[in-house]
Every structure is written in structure tokens, then in C-alpha cells.
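Colleague: I have a chain to go through with you. Shall we take it piece by piece?

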Amino acid sequence: MGMLRVFMNDSRLVKISKYLSKHLRHTPERLGLILAPGGWVSVEELLACCAKHRFFVTRSELEEVVAKNDKQRFSFDTTKKLIRANQGHSVEIDLQLEPQIPPAILYHGTGKTSVKSILDKGLLKMSRHHVHLSQDIETARKVGTRHGYPVVFAVDAASMHEAGFSFYCSDNGVWLIDSVGPEYLHRI
Ligand code: HQG
């Protein structure tokens, strides 16, 4: 008889993903975890800390979440002994990403109520580590929907790059930057 691999249902996947996002991006100390440079934590330690807090996850469940997460929010290192959130942190960490040449245009989705302030002050990172930009309008619109009626801005990434601003791209394809001045924004 062949091995039967039992996969998790979607709600279990989402539940684990949210728990991981919370602790790998925002409040690692709540689990007694300390993020190493790059945002990495030991898989073994993570599983032990989860269990200690009565959130029981197996290694194979963790592997399934990393592989199947809808936005590829998490990565293992090459040894698979370490895990991290690819982006979205609010804790102070150095993601150890190298600056990259961005596509000429990137997009940012926001809620309608923020438009006035954004046109005035530009895009600020608010409580996160970076301003998050998307490669396509559709993704940006989805991000904007999280904040109410969505509005999408095009970012003149080519000009910003030319002017010396550093762009980073997370392992899951989200573009990250410190801020975007209003002169580089165009509402679409
Ligand atoms: C807004 C999700 C007023 C900004 C997504 C946004 C993303 C301003 C909000 C990731 C402003 C911050 C990040 C200004 C920026 N005045 N409002 N000057 N500058 N804002 O959640 O980009 O599902 O921190 O427009 O896919 O919405 O979590 O950032 O509306 O990649 O993996 O301040 O979160 O990924 O909100 O989302 P957020 P975001 P996950």
C-alpha cells in the first residue's frame, strides 16, 4: 500500500498562516522568540514555542503552509532549519535584501480616505518597515480593498531609481521602499 499524504484544509492553512504572520512579523516576543538578522528564526524553536503556547503545529504542516500560502508570505532558508516572513514586518529588522533595479512603474493600492494625505505627504511606511508596492494594478487594487474603497497610485519608479532611491524586492515579489514623494505619484 502506498503512503497516503493527508493535506490540511484551507481554514487550517489560513489559521496557521495568520498565527505565523503575527509572530514572525509583529510580536515575536509574545512567543518568546527573537528574530535573527534577516528575520530568521529556528524552525525547531518556533515549533517548540508554538506548542508551549498551546498552538500545536507539526513540521509537515509548516512545510505545507510555506509551500501553499496564497502570497508566499514565508520562506525557509536553504538548510530548511530557519524560517522567516518575507515581508510585512512592523518589528525593527534588517531583511538583508540587496537594492534592485525596479520596473519603470510600480503600483500602490490604498483606501479612498487616505488619498488626500498621500497626495500631500507622499507614501509613508506608517507602522510597517517599508512602503509596499505591487508590480501590477490588480494586486494593488486588492491591497487597497483592505482599506475601504480602493484607489490605486502609479509610482514613477524609473525616475525614483534614477534619483538614487533604493528599491528592494522581497522573496515573494513585493517591492519595498522607504517612502515615495508626492511628485512621483500619479492617481489612476
Ligand atoms: C497608507 C498585505 C495616509 C497606505 C498587502 C496604506 C501588502 C497613508 C496604509 C502589505 C500615507 C498602511 C502591506 C499617508 C501611506 N497618509 N495614509 N501619507 N502613506 N498610507 O497595511 O501597503 O496580506 O501597513 O496607503 O498585500 O496596505 O499582510 O500597508 O493604506 O503587501 O501579506 O497607510 O500587506 O500583505 O497600511 O499593505 P499597511 P499596505 P499581507
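Colleague: Which residues does Leu31 touch, not counting residues up to four places away in sequence?
Modeller: First, the ground rules: this is a predicted model, where local features need pLDDT of at least 70, side-chain atom pairs count only at pLDDT 80 or more, and totals for chains, interfaces and linings use all residues. Residues are numbered from 1 along each chain as its sequence is written, and side-chain values use heavy atoms, with hydrogens and water left out. Contact means heavy atoms within 4.5 Å. On that basis Leu31 touches Tyr19, His23, Leu46, Cys49, Cys50 and His53.

Colleague: Is Leu31 buried or exposed?
Modeller: Leu31 lies in the loop between H1 and strand S1 (41–42). Helices (H or I, at least four residues) and strands (E, at least two) are DSSP runs, numbered from the N terminus. Buried means under 20% relative accessible area, exposed over 50%, partly exposed in between (1.4 Å probe, protein chains only). At a relative accessible area of 3%, Leu31 is buried.

Colleague: What separates the C-alpha atoms of Leu31 and Cys49?
Modeller: Cys49 is one of the residues that Leu31 touches. Along the chain the two are 18 residues apart. Their C-alpha atoms are separated by 5.8 Å.

Colleague: At what angle do the axes of helix H1 and helix H3 cross?
Modeller: Axes are lines fitted to C-alpha atoms, for helices over the stretch in contact, and angles run from 0 to 180 degrees between N-to-C directions. Arg12, Leu13, Ile16, Ser17 and Leu20 in H1 meet Glu61, Leu62, Glu64, Val65 and Lys68 in H3. The axes of H1 (residues 10–26) and H3 (residues 59–68) come within 10 Å and cross at roughly 90°. That makes H1 roughly perpendicular to H3 (65 to 115 degrees).

Colleague: What is the relative accessible area of Arg54?
Modeller: Arg54 is found in the loop between helix H2 (43–52) and H3. Its phi is positive, about 60°, although Arg54 is not a glycine. Arg54 is exposed, with a relative accessible area of 66%.

Colleague: Where is Gln96, and what is its relative accessible area?
Modeller: Gln96 sits in the loop between strand S3 (82–85) and strand S4 (105–111). Phi of Gln96 is positive too, near 55°, in a residue other than glycine. Gln96 is partly exposed, with a relative accessible area of 48%.

Colleague: How many helices and strands does the chain have?
Modeller: Of its 188 residues, 45% count as buried. The C-alpha trace spans about 60 × 30 × 30 Å along its principal axes. The secondary structure comes to six helices and nine strands.

Definitions and conventions: Angles under 35 degrees count as roughly parallel, over 145 as roughly antiparallel, 65 to 115 as roughly perpendicular and the rest as oblique.
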